[in-house]
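This report describes strand pairing, overall dimensions and nonpolar cores. The structure is shown first.

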Amino acid sequence: MEDVEQLATKDYKWGFVTDVASDTFAKGLSEDVVRAISAKKNEPSWLTDWRLAAYRAWLKMKAPVWPNVTYPPIDYQGIAYYSAPAAPKDKKQSLDEVDPEILKTYEKLGISLDEQKRLQNIAVDAVFDSVSVATTCKDYLEKLGIAFCSFSEAVHKHPELVRRYLGSVVPTHDNFFAALNSAVFSDGSFCFIPKGVKCPMELSTYFRINAADTGQFERTLIVAEEGAQVSYLEGCTAPKRDTNQLHAAVVELVALDNATIKYSTVQNWYPGDKDGKGGIYNFVTKRGKCAGVNSKITWTQVETGSAITWKYPSCILVGDNSVGEFYSVAVVNNRQQADTGTKMIHVGKNTRSTIVSKGISAGRGNNTYRGQVKVAKGAAKARNYTQCDSLLIGDRCGAHTFPYIEVQNPTAKVEHEASTSKISEDQIFYCKQRGISTENAINMIVNGFCKEVFRELPMEFAVEAQKLLGVSLDGSVG
Amino acid sequence: MLSIKDLTAKVGAKEILTGITLNVKAGEVHAIMGPNGSGKSTLAQVLAGHPAYTVTGGTVTYQGRDLTEMTPEDRAKEGIFLAFQYPVEIPGVSNAYFLRAAYNEREKQAGRPELDVMEFNTLLKEKSKILHIDESLLNRPVNEGFSGGEKKRNEIFQLAVLEPKLAILDETDSGLDIDALRTVSDGVNRLRSKDRAFIVVTHYQRLLNYIVPDFVHVIAGGRIVKSGGKELALELEQRGYDWLKPAAAGAAR
Ligand SMILES: Nc1ncnc2c1ncn2[C@@H]1O[C@H](COP(=O)(O)OP(=O)(O)OP(=O)(O)O)[C@@H](O)[C@H]1O
Ligand SMILES: [Mg+2]
């Protein structure tokens, strides 16, 4: 398939840099830096102490070596831990106070923060480097009792909620990157859906890393009280830069009795160039706790970007009859590496989980699925179904599957299915003979392969995800 | 429409076509017969532009253009259709979706507006009736899990939808039951027109009772060793290919 190999790689079109004055800390990490971040945000002392405890724990921890990825050691003193657009400080009552350059950036990314022009039925929280620059639809949501705001704002407006739930799903010392995040996180999104409320619109956060040599450490906390429902979407991009940038986020979800949280991610961080230079290191801890009975958490992710992806959105199924779902498409092309999957921890009775993972490898990409299904002693009649499919495009890429299954209750049922397929030259030729170009043929086959996952995405984003997949696989095939 | 002259082609290091000369005019139906491994499918694949086959000599002119210079997808868009001997499965892509993509590529090429899903479905329904294609097949992934006969029928269904100028059928009759054979032949006969040509590769004279050819050619050892009218097929049916072997050997010398 030489002709396929020769197709030029399309550019990462989100790779531009926004020219804004920024308030950026000097590189380096210490207790003083942690204190300074906390001071910037006027945080209460309990939070400063919480951060410091995390920092001290982090100092004693080591980066995990078990992921199936390779990268040179990260110099944690070579990163700036806080960067915010300088102009309107943390107070932004209206969009007029947001730097027009930033608004333009989001327009260019296809995300309008203008209330009049915004996509219907989506509220957006826009995070630029370390801080949230704007949140739309806030007033409307507030009338329903829904809190949707930047994390910094939540610390002041809803201190008791933040204090109750922060770290309740991902403790500070959970893992190396979670500890780092807990120490230095600068902003993120906070959602709280009160008892009995069904959130009438999609809530979404758009993360943008702009400044060079900064890390982005955001924190997302979503709490759905009894009977509440919410669908949340996260998108992300970054400029093209030759150096690697670290993104170490923590996302915590809490679903109480009969609550439903649907969390969808379309991850499109800059993946680096075709030789593997630059790109984002996406080391993220995402976990949801189905704390209440009949609660449900669904993770849907489409991972097309990043030089390295390391993330395992997980569910802890504590409440009886609770449900955890994980639907994932992970694409690697060129030199990208991904080690991603999920953990389903069954604690309550009759808990059910579904895992559908679709890994696509092209170029010299390396894709690893790592999944853990654990059924605790008390989880009578727990059920898990895992389906794990890999699609290879070309001969130089790799796909690996590491399922870990641990069942401590004899009434549990765990099923695992796996498959590996390859786009064959004959398939491509068949399509071409019908007039369909190689590119379109691959798009068609890949989209078909991912259908079960795309189906789980909110409509607009499913379309976006399909396009994204096309771009990230463009010229990848051999 | 199609003019093949002294065509030689190889796969890997192996020379398979050793000098094919064939002229096909619009409106004609040419049947190609010959022993297993003689190069019939190879000829079909070469005409479609399969990358595994290299043209080593001779010329192929299609509608005045050098066919060998055209990409496979351009050939398709310019009206060449190959009904494969072994149709490929494309998991996850529905038949209807696949066909609309193919159809619209042609429309684009011809400068006509593309059909949307609704318009196209109407067209599909019509065509599926003609070929007695079960509508559920339309929504299933292309050829996936289709029986051998269903795959073949699906190829002819695609042909009917895409309405090519030059249709090449590679052993479409193999694996079809009697009724399917009649349906498929009916479908092909409906498509016969003065603007359209067919090359029909088959092992069985029976098919040619339904699709009556204007010419019959026998390929052996990578070249046409005998050409004639439809009665040649009957003669082959009775005598086999052995009596032609010396001619093949002679031609190869
Ligand atoms: N890709 C390939 N690699 C190696 N040999 C091939 C390839 N394709 C065809 N051949 C060989 O070329 C010769 C001609 O094959 P071809 O498929 O054209 O025969 P055919 O006339 O269609 O036979 P049949 O009647 O059995 O379909 C055979 O010997 C076959 O093994
Ligand atoms: Mg053949």
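In this predicted model, B:Met33 has B:Val218 of S11(B) as its bridge partner. The two strands concerned, S3 (residues 29-33) and S11 (residues 215-220) of chain B, pair in the parallel sense over 4 bridges. They belong to an open sheet of 6 strands in chain B, with the order S6-S9-S10-S3-S11-S12 and mixed pairing. Strand S6 (80-83) and strand S12 (223-228) of chain B are the edge strands, each pairing on one side only. From one strand to the next, the twist averages 20°.

Strand S1 (residues 2-11) of chain B is antiparallel to strand S4 (residues 53-62) of chain B, and 8 bridges join them. S1(B) also runs antiparallel to strand S2 (residues 14-24) of chain B, again with 8 bridges. S1(B) and S2(B) form a hairpin with 2 residues between them. In the turn, B:Gly12 has a positive phi of about 60°. Individual partners are listed below.

| Residue | Partner residue | Strand of partner |
|---|---|---|
| B:Met33 | B:Val218 | S11(B) |
| B:Leu2 | B:Tyr62 | S4(B) |

Chain B as a whole has 10 helices and 12 strands. Its radius of gyration is 18 Å, close to the 18 Å given by the globule rule for 253 residues, so chain B is as compact as a globular protein of that length. The C-alpha trace of chain B spans about 60 × 40 × 35 Å along its principal axes. Of the 253 residues in chain B, 54% are buried. Among contacts in chain B with a separation of 6 or more, 69% are between residues 24 or more positions apart.

The largest nonpolar core has 95 residues, and A:Ile360 and A:Val446 have the most contacts inside it. Helix H10 (residues 438-454) of chain A contributes the most to this core, with 9 residues. Leaving aside residues up to four places away in sequence, A:Ile360 touches A:Val446, A:Phe449 and A:Cys450, among others. Its other contacts include A:Val329, A:Ala330, A:Val331 and A:Val332, as well as A:Leu391, A:Ile393, A:Leu469 and A:Leu473. A:Asn367 is also touched by A:Ile360. A second, separate core has 32 residues, among them A:Tyr263, A:Cys315, A:Ile355 and A:Val373.

Notes:
Residues are numbered from 1 along each chain as its sequence is written. Chains are lettered from A and ligands numbered from 1 in the order in which they are written. This is a predicted model: local features need pLDDT of at least 70, side-chain atom pairs count only at pLDDT 80 or more; totals for chains, interfaces and linings use all residues. Side-chain values use heavy atoms; hydrogens and water are left out. Two strands pair if DSSP finds at least two bridges between them. Axes are lines fitted to C-alpha atoms, for helices over the stretch in contact, and angles run from 0 to 180 degrees between N-to-C directions. A nonpolar core is a set of buried Ala, Val, Leu, Ile, Met, Phe, Trp, Tyr and Cys residues joined through side-chain atoms within 4.5 Å. Buried means under 20% relative accessible area, exposed over 50%, partly exposed in between (1.4 Å probe, protein chains only). Contact means heavy atoms within 4.5 Å. The radius of gyration is taken over C-alpha atoms; the globule rule is 2.2 Å times the number of residues to the power 0.38.
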